[in-house]
Amino acid sequence: MSTMPGKATPVSASVPMPVGLPSAETGVRRGRLRQYQLQLLERVQAARSGAVAARKELGVIVGGQHCLLDLTQLGEIVIPAGLQIQGVPLAQDWYLGLAAMRGRLTAIIDLSRYRGGAACALHADSRIITFAPRLGINCALLVERVLGLRQQHGMVAGATASDAAPWARPYSLRDGGQQWLRLDLALLAQQARFLDAGFGSTSLYGEHR
């Protein structure tokens with residue numbers, strides 16, 4: 001399943017194609033990526049249907065940090081190239097603007113800036129991930145990279161600072177490996193600061209007050 005610039009695609013079908021490879025090697029690599037896409041699609045569908053006992057989440061990089069997203073809270077993954085994002089006057093720096101996605105205006109958020117980090121630089125691996133419709137908000141997050149599915153088994157909760165956001169909890173691999181931050185988009189969507197993205201003028205619903 002291919003991904004067209006500026007078009008929404010299922011969460012399972014976001015694997016960037018290699019560039020600049022010799023023709024023969026490119027064909028082999030594309031075949032492997034195609035197989036990976038199909039396997040990823042099957043895993044996501046199984047995870048969502050409850051066919052997999054171990055919970056799986058989508059790994060992404062936000063502001064240089066490895067993060068986990070609940071599959072049930074995600075809508076689609078979009079390649080930013082070709083997507084027109086209209087800036088909104090007087091909005092916070094983390095509110096990138098509005099984009100028409102599947103005929104609906106969707107607020108695009110730079111989660112790294114929202115968390116006080118550096119702005120997410122757009123490059124070939126950047127992706128925009130929409131919130132699931134059930135969360136009741138037309139919103140999407142700009143992330144630096146999608147890492148694929150990660151299994152919750154083998155992860156343990158890390159120490160949480162007293163001032164930590166309730167929607168972002170640290171986790172690490174049981175053997176002391178990679179550190180992760182689990183993001184709860186349902187809780188994030190309820191935060192007053194997140195919903196009010198403007199200096200008294202703009203909300204995440206794209207309304208001017």
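Okay, some housekeeping. Numbering starts from 1 along each chain as its sequence is written, and side-chain values use heavy atoms, with hydrogens and water left out. Since we're on a prediction, local features need pLDDT of at least 70 and side-chain atom pairs count only at pLDDT 80 or more, while totals for chains, interfaces and linings use all residues.

Let's start with strand 3, residues 65-70. When I say strand, I mean a DSSP run of E, at least two residues, numbered from the N terminus; strands pair if DSSP finds at least two bridges between them. On one side, strand 3 pairs with strand 2, residues 56-62, antiparallel, over six bridges. Those two make a hairpin with two residues between the strands, and G63 there takes a positive phi near 60 degrees. Strand 3 also pairs with strand 13, residues 179-183, this time parallel and over three bridges. In that pairing, L69 stands opposite L183.

Now look at D70, in strand 3. Its bridge partner is E57. Is D70 buried or exposed? D70 is at 17% relative accessibility, so it counts as buried; the cut-offs are under 20% for buried, over 50% for exposed and partly exposed in between, with a 1.4 Å probe and protein chains only. The D70 side chain has a polar contact of 2.9 Å with the side chain of T72. Polar contact here is an N or O pair within 3.5 Å; within protein, one atom must be able to donate a hydrogen and the other to accept it, and residues adjacent in sequence count only if both atoms are side-chain atoms. Leaving out residues up to four places away in sequence, D70 touches R55, E57 and L183, where a contact is heavy atoms within 4.5 Å.

For contrast, Q86 sits in strand 5, residues 85-86. Q86 has a relative accessible area of 58%, so it is exposed. Q86 and A107 are 21 residues apart in sequence, yet 9.5 Å apart in space, C-alpha to C-alpha.

Last stop, the lining of the second largest pocket. Which element gives the most to it? That's strand 4, with three residues. The lining residues divide into eight nonpolar, four polar and three charged; nonpolar is Ala, Val, Leu, Ile, Met, Phe, Trp, Tyr, Cys and Pro, charged is Asp, Glu, Lys and Arg, and the others, Gly among them, are polar.

Definitions and conventions. Helix = DSSP H or I, 4+ residues; strand = E, 2+ residues; numbered from the N terminus.
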